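Welcome, and please bring up the model in your viewer.

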Amino acid sequence: MTQKVVEQSKVVAFTYSIADESGKVLEQSDLPIEYVHGSGNGQMFPQVEAAMVGKKNGDSVTVTLSPDEAFGQFDPDLSFTDEMENIADEYRFVGARPRFQNEKGETMELTVTKIEDGKI
């Protein structure tokens with residue numbers, strides 16, 4: 001049986017880790033995420049998509065992005081820490097992306113990047 005290859009219009013599923021320059025893992029997803037390769041809808045960083053071309057199930061890909069090519073520079077004012085007990089069970093893992101609404105009705109999606117000492 002021939003292994004499927006990543007190419008235009010194929011649904012691709014993968015797990016990932018995001019690490020800083022020192023190799024410290026900042027975010028990780030052990031549950032596969034999916035995107036449609038080459039769709040041009042902004043689901044995937046162009047550099048990641050380019051590195052995926054021709055890869056097969058089980059292949060590993062490493063891509064280095066500057067903060068400006070990825071999520072932007074770290075802004076401590078956009079970081080939030082809370083007690084674990086205040087967060088719903090389904091968001092208690094690194095990589096979870098809960099949505100919250102403020103008192104003005106504005107919605108913001110957060111990403112869980114760290115769980116430590118009963119805090120998330």
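Leaving aside its neighbours within four places in sequence, which residues is Val12 in contact with? Select Val12 and you will find Val6, Ile33, Glu34, Tyr35, His37 and Met52, where contact means heavy atoms within 4.5 Å. A note before going on: this is a predicted model, in which local features need pLDDT of at least 70 and side-chain atom pairs pLDDT 80 or more, while totals for chains, interfaces and linings use all residues. Residues are numbered from 1 along each chain as its sequence is written, and side-chain values use heavy atoms, leaving out hydrogens and water.

Next, select Val6, Val12, Phe14, Tyr35, Met44, Val48 and Met52, the seven residues of the largest nonpolar core. Such a core is a set of buried Ala, Val, Leu, Ile, Met, Phe, Trp, Tyr and Cys residues joined through side-chain atoms within 4.5 Å, with buried meaning under 20% relative accessible area for a 1.4 Å probe, protein chains only. At least two of its residues come from β1, and at least two from α1 (46-52). Apart from this core lies another, of five residues, including Ile87, Ala96, Val112 and Ile120.

Now colour β1 (residues 11-19) and β2 (residues 25-36), which pair in the antiparallel sense over eight bridges; strands pair if DSSP finds at least two bridges between them, and a strand is a DSSP run of E of at least two residues, a helix one of H or I of at least four. Ser17 has Gln28 of β2 as its bridge partner. Five residues lie between the strands of this hairpin, where Gly23 takes a positive phi near 95 degrees.

Conventions: Buried means under 20% relative accessible area, exposed over 50%, partly exposed in between (1.4 Å probe, protein chains only).
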